[in-house]
Amino acid sequence: MLHIFYSRLRMEEKALYKAAAARGTEVDFRDAGDLVWPDDFENVGPGDVALCRCVSQTQNIALTQLLEGRGVRTINPPETMLLCGDKIATAALLDREKIPQPAWRVASSFDAAVKAAESLGYPVVFKPAAGSWGRLLAKVSDREACEAIVEHKQHMGPAHSVFYIQKYVEKGGFDLRAVMIGGRTATLMKRASSHWITNTARGATPEPFPMDAELEALLNRTAKVVGGDFLAIDVFGTPEGWIVNEINGQPEFHGSVAATGVDVGGLMIDYALDSLKSRSPGGGASHV
Ligand SMILES: Nc1ncnc2c1ncn2[C@@H]1O[C@H](COP(=O)(O)OP(=O)(O)O)[C@@H](O)[C@H]1O
Ligand SMILES: [Mg+2]
């Protein structure tokens, strides 16, 4: 059976449900906030596929871990969500695989954080290791601002006690966002803004963008690094070529649909149904 669990009915969850209904698929579509494990999950078992679409990263990871314990294939698997939810873990993996990214440092004390920023050279960007929608990003242009940001972060609790710092990239007023399904690019768009933060959640304008061979190769390699089925990759353009800024493991896709007209929800449901078929007895020999 196909399950879709959500915590808020965004455009994305509605599109997924509509696509499943349009294909005549029986789908268990429920608000995870209403459910108790294991009482409300008797209909869940081995061979099932679940799209876990809770807005909260923590809730989604807990749900995928519970479902995997029952033999359910979750999209994405918890390992992918954990990696993508942690910008430090992602940066370490990208380095290991020699995938180009902005220069970065990690530090865990006031002095080390200031030293890290100075060694990168201003401006730098401080980011929470776990964050999205461009929240709590700080572009820091000099030592005094750096000291103030680090001091403030030190009072923000354990989640902010390790500093992830990137070199600020002059990216020409835009970045690219690729939505990847099953390791292939489903949509590519440009997010342009007069603000340095180009999330569509922060008002950037989504536009289509043509694929090129260098970019496609980079996206394919990047998707492999974290595994999983449904990703969004943010890319910056630099004079040296494309570089990867981050990988999202719980992508929203309303901007990508608006920019490209591609039915991402439909593609995702087709992918989930293929995966369901390959898990059922007698289905998809290549996956057995
Ligand atoms: N090092 C950087 N240089 C330039 N712009 C950046 C940098 N880091 C982030 N940004 C801008 O901020 C946006 C959000 O940053 P990102 O790392 O993707 O965090 P989030 O998870 O909040 O989306 C990016 O899409 C980009 O526009
Ligand atoms: Mg981002």
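**Close-up views of a predicted model**

**View 1. The loop that holds Lys98.** Lys98 lies in the loop between α4 (87–96) and β5 (104–107). In this predicted model, Lys98 has a positive phi of about 55° although it is not a glycine. Most residues other than glycine have a negative phi. Is Lys98 buried or exposed? Lys98 is exposed, because 7 other C-beta atoms lie within 10 Å, and a residue counts as exposed with 12 or fewer.

**View 2. Leu136, a second residue with positive phi.** Leu136 is placed in the loop between β6 and β7. The phi of Leu136 is positive, about 60°, although Leu136 is not a glycine. Leu136 has 14 C-beta neighbours inside 10 Å and therefore counts as partly exposed.

**View 3. Two cis peptide bonds.** Most peptide bonds are trans. The bond from Ile75 to Asn76, however, is cis, with omega near -5°. Asn76 belongs to the loop between β4 (73–75) and α3 (78–84). The peptide bond from Tyr122 to Pro123 is also cis, with omega near -5°. Pro123 is found in the loop between α5 and β6.

**View 4. The two sides of helix α6.** Helix α6 (residues 143–154) has 12 residues, which at 1.5 Å a residue should span 16 Å; the end C-alpha atoms of α6 are 16 Å apart, in agreement with this. Which residues of α6 are buried? They are Cys146, Ile149, Val150 and Lys153. These residues cover an arc of only 95° around the axis, so they lie on the same side of α6. An α-helix has 3.6 residues a turn, so residues three or four places apart point the same way. On the other side of α6, Glu144, Ala148, Glu151 and His152 are exposed. The cover over the buried residues of α6 includes α5 (110–120), β6 (124–127), β7 (138–140) and β8 (163–167).

**View 5. The largest nonpolar core.** The largest nonpolar core has 66 residues, of which Ala50, Ile165, Ala178, Val179, Met180, Leu231 and Ile233 touch the most other members. Strand β12 (residues 230–238) gives the most to this core, with six residues. Leaving aside residues up to four places away in sequence, Ala178 touches Thr185, Leu188, Leu219, Ala232, Ile233 and Val235. In soluble globular proteins, nonpolar side chains tend to be buried together.

**View 6. The surroundings of ligand 1.** How many residues surround ligand 1? There are 21, and the closest are Ser132, Gln166, Val169, Ile197 and Thr198. The elements that give two or more residues to this shell are β6 and β13 (241–248). By class, the shell has eight nonpolar, seven polar and six charged residues.

How values were computed: Residues are numbered from 1 along each chain as its sequence is written. Chains are lettered from A and ligands numbered from 1 in the order in which they are written. This is a predicted model: local features need pLDDT of at least 70, side-chain atom pairs count only at pLDDT 80 or more; totals for chains, interfaces and linings use all residues. Helices (H or I, at least four residues) and strands (E, at least two) are DSSP runs, numbered from the N terminus. The expected span of a helix is 1.5 Å times one less than its number of residues. A residue is buried if 20 or more other C-beta atoms lie within 10 Å of its own, exposed if 12 or fewer, and partly exposed in between; C-beta atoms are placed from the backbone. The arc is that of the directions from the helix axis to the C-beta atoms. Two residues are in contact if their C-beta atoms, placed from the backbone, lie within 7 Å. A nonpolar core is a set of buried Ala, Val, Leu, Ile, Met, Phe, Trp, Tyr and Cys residues joined through C-beta atoms within 7 Å. A residue is near a molecule or strand if its C-beta atom, placed from the backbone, lies within 6 Å of it. Ala, Val, Leu, Ile, Met, Phe, Trp, Tyr, Cys and Pro count as nonpolar, Asp, Glu, Lys and Arg as charged, and the others, Gly among them, as polar.
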